[in-house]
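These are my notes from working through one structure.

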Amino acid sequence: MSVSNGSVHPVDAPPLQTEAANVPRVRMKDVQGMPGTIGGSFLRFAQFVFAVVSLCVMATTADFPSVTAFCYLVAAAGLQSLWSLSLGILDVYALLVGRCLQNSRVVSLFAVGDGVTSTLMFAAACASAGITVLIGNDLGVCSQNHCLEFETATAMAFLSWFCALPSFFLNFWSLASR
């Protein structure tokens with residue numbers, strides 16, 4: 001039976017700490033739009049503004065509760081506005097304090113939250129657009145409904161989704177590149 005003998009290799013002592021070794025490593029610059037950047041806070045507040053406008057326009061119409069897609073748009077816009085406002089405040093806080101929001105857990109939370117809210121917002125905007133086209137073009141009853149308000153709320157929902165998409169992609173890219 002052939003058994004190999006274990007061998008011990010000597011380990012060199014670590015080099016002494018010098019001034020050059022204490023310099024922090026150079027990181028890639030944060031891409032604008034990621035959490036904790038000016039572009040990120042701009043995207044968050046654009047998401048918030050478009051979602052709030054969509055929510056307010058749809059909620060001011062009297063007959064939106066009669067259509068499930070419009071109720072779904074109101075719920076998705078409310079969730080998107082709360083998510084975007086809270087992360088926008090966090091971005092501004094990180095900018096003021098000078099804190100980096102590139103922690104792995106934080107970025108994964110942002111990526112999952114942005115993915116969920118942007119998917120919900122896109123689905124609600126698509127459903128509302130379908131109902132708006134049905135009411136306006138197919139049934140031809142815009143004179144009896146608030147078609148302009150429905151179209152405005154749907155357009156604002158799409159714009160909110162369009163602003164949420166870069167946030168999701170940048171967070172997901174940052175998470176995947178670790």
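The model I examined is a predicted one. By that cut-off, I noted that 35% of the 178 residues of the protein count as buried.

Entry on the fold. I looked up the secondary structure and found 4 helices and 0 strands. Read from the N terminus, the elements follow the order α-α-α-α. I then looked at contacts with a sequence separation of 6 or more, and 79% of them join residues 24 or more positions apart.

I asked which residues touch the most other members of the largest nonpolar core. That core has 19 residues, and the ones in question are Met58, Phe70, Leu73 and Met121. Helix 1, helix 2, helix 3 (104–138) and helix 4 (147–176) each contribute at least two residues to this core. Helix 2 gives the most, with 6 residues. I also recorded a second, separate core of 5 residues, among them Trp83, Leu87, Ala94 and Leu101.

I followed Met121 further. Leaving aside residues up to four places away in sequence, Met121 touches Ala51, Ala76, Ala77, Gln80, Ala157, Ser160 and Trp161.

I located a nonpolar surface patch of about 650 Å², formed by Phe45, Ile89, Leu90, Val92, Tyr93, Leu96 and Val97. Helix 2 (residues 68–97) accounts for the largest share of the patch, with 6 residues. Phe45 belongs to helix 1 (residues 38–59).

A patch residue needs over 30% relative accessible area and no salt bridge.

Entry on the record. The unreviewed UniProt entry carries the annotation "transmembrane region" for residues 42–60, 72–97, 109–135 and 155–176. I checked two of these spans in the model. Residues 109–135 are 100% helix and 0% strand, with the end C-alpha atoms 39 Å apart. Residues 155–176 are likewise 100% helix and 0% strand, and here the end C-alpha atoms lie 31 Å apart.

Note on methods
Residues numbered from 1 in each chain as written. Predicted model: local features only at pLDDT ≥ 70, side-chain atom pairs only at ≥ 80, totals over all residues. Heavy atoms only, no water. Patch = residues over 30% accessible without salt bridge, like charges linked within 9 Å, V, L, I, M, F, W, Y side chains within 5 Å. Areas by Shrake-Rupley, 256 points an atom, 1.4 Å probe, with all protein chains shown as cover. Salt bridge = Lys/Arg side-chain N within 4 Å of Asp/Glu carboxyl O. UniProt positions renumbered as here; feature names shortened; annotations may be inferred. Core = buried A, V, L, I, M, F, W, Y, C linked by side-chain atoms within 4.5 Å. Buried < 20%, exposed > 50% of the residue type's maximum accessible area, 1.4 Å probe, protein only. Contact = heavy atoms within 4.5 Å.
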